[in-house]
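Trainee: Please take me through this model and say what each label rests on.

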Amino acid sequence: MNGILAKKLGMTQVYLEDGRQIAVTVLQAGPCKVVQRKTEEVDGYSAIQVGFEEKRESLVTAPVKGHFRKAGLAPMRFLAEFNAENPSEWEPGREYTVSVFEGVKIVDVTGVSKGMGFAGTIKRHNFSSGPRSHGSKNKRAPGSMGANSYPGRVFPGKRLGGRMGGEAVTVRHLELIKIDAEQNLLFVKGAVPGPTNSLIKVRKA
């Protein structure tokens, strides 16, 4: 299996064998269960759909219940698709854990970044602030738009204030420091996008 679903537990520090201290993000990865096997003949592409974290049946619709019942599973909170080297081996209902990452050194991590709400140009685009001297009325304003009588408008895509965060972010080539198979934990070097308890997709780089 090429990837696994995980929950971000937070950050901590670990010591390497050479005595170096590094910051890591702790991810509770799996166990995940195979929900559906997509094939090129039926779906037009090949992939393995997996589920993570069981959910009460009263919180899901009838079609969703039927989708999981077909695989002989209880409803899952999260679904995602990953590639597999041998798709025929991954039958619906099969469970797998962080053991699929044994020997893997580098991973790609995808999460939804923290939502910041409305943010101005300084926070959102690293604009410089205006003068702070007496009489200045441009301390955090974006300044001139640069348009004159022609074209006389602001072009779409201009960097301005607006909603910041809440977007899917992928961080590539993060070092996988340690695997705790007993507690289903992955220790990834550095920061991972998203708040605590958010869903994270981990793939082999």
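Trainee: Where does N184 lie?

Mentor: This is a predicted model. In it, N184 lies in the loop between β10 (168-180) and β11 (185-189). N184 has a positive phi of about 55 degrees, although it is not a glycine.

Trainee: Why is N184 called buried?

Mentor: Buried means under 20% relative accessible area. N184 has 14%, so N184 is buried.

Trainee: Why is N197 called exposed?

Mentor: The cut-off for exposed is over 50%. N197 has a relative accessible area of 52%, so N197 is exposed. N197 lies in the loop between β11 and β12, and has a positive phi of about 75 degrees without being a glycine.

Trainee: What makes Q28 partly exposed?

Mentor: Q28 stands at 30% relative accessibility, so Q28 counts as partly exposed. Its place is in strand β2 (residues 21-29). Leaving aside neighbours within four places in sequence, Q28 is in contact with residues including L5, F52, N184 and L185.

Trainee: How many strands close into the barrel, and in what order?

Mentor: Six strands close into a barrel, in the order β1-β2-β11-β10-β7-β12, with antiparallel pairing. On average, neighbouring strands of this sheet are turned by 50 degrees against each other, direction ignored.

Trainee: What makes β7 and β12 a pair?

Mentor: A pair needs at least two bridges. Five bridges join strand β7 (residues 106-112) to strand β12 (residues 199-204), and the two run antiparallel. In this pairing V107 stands opposite K204 in β12.

Trainee: Is D108 buried or exposed, and how do you know?

Mentor: The limit for buried is under 20%. D108 is at 12% relative accessibility, so D108 counts as buried. D108 lies in strand β7, and the side chain of D108 reaches the backbone nitrogen of H173 at 2.9 Å. A polar contact requires the atoms to be within 3.5 Å. Not counting residues up to four places away in sequence, D108 touches V171, R172, H173, K201, V202, R203 and A205.

Trainee: How many aromatic pairs does the structure hold?

Mentor: The structure holds two aromatic pairs.

Trainee: Why is the pair of F52 and F78 called stacked?

Mentor: Ring centres must lie within 6.5 Å to pair, and planes under 30 degrees apart count as stacked. The rings of F52 and F78 have centres 6.4 Å apart and planes at 25 degrees, so this pair is stacked. The pair links distant parts of the chain, with F52 in strand β4 (residues 47-54) and F78 in strand β5 (residues 76-82), 26 residues apart. F52 counts as buried at 3% relative accessibility, whereas F78 counts as partly exposed at 23%.

Trainee: What makes the pair of W90 and Y96 edge-to-face?

Mentor: The cut-off for edge-to-face is over 60 degrees. The planes of the W90 and Y96 rings are at 75 degrees with their centres 5.4 Å apart, so the pair is edge-to-face. Both W90 and Y96 are buried.

Trainee: Which residues have the most contacts inside the largest nonpolar core?

Mentor: They are I4, Y96, V107 and V202, in a core of 29 residues. A second, separate core of six residues includes V14, I22, L185 and F187.

Notes:
Residues numbered from 1 in each chain as written. Predicted model: local features only at pLDDT ≥ 70, side-chain atom pairs only at ≥ 80, totals over all residues. Heavy atoms only, no water. Core = buried A, V, L, I, M, F, W, Y, C linked by side-chain atoms within 4.5 Å. Buried < 20%, exposed > 50% of the residue type's maximum accessible area, 1.4 Å probe, protein only. Helix = DSSP H or I, 4+ residues; strand = E, 2+ residues; numbered from the N terminus. Axes fitted to C-alpha atoms, helices over the stretch in contact; angles between N-to-C directions. Polar contact = N/O pair within 3.5 Å; in protein donor to acceptor, adjacent residues only side chain to side chain. Contact = heavy atoms within 4.5 Å. Phe/Tyr/Trp six-rings, centres within 6.5 Å; stacked < 30°, edge-to-face > 60°.
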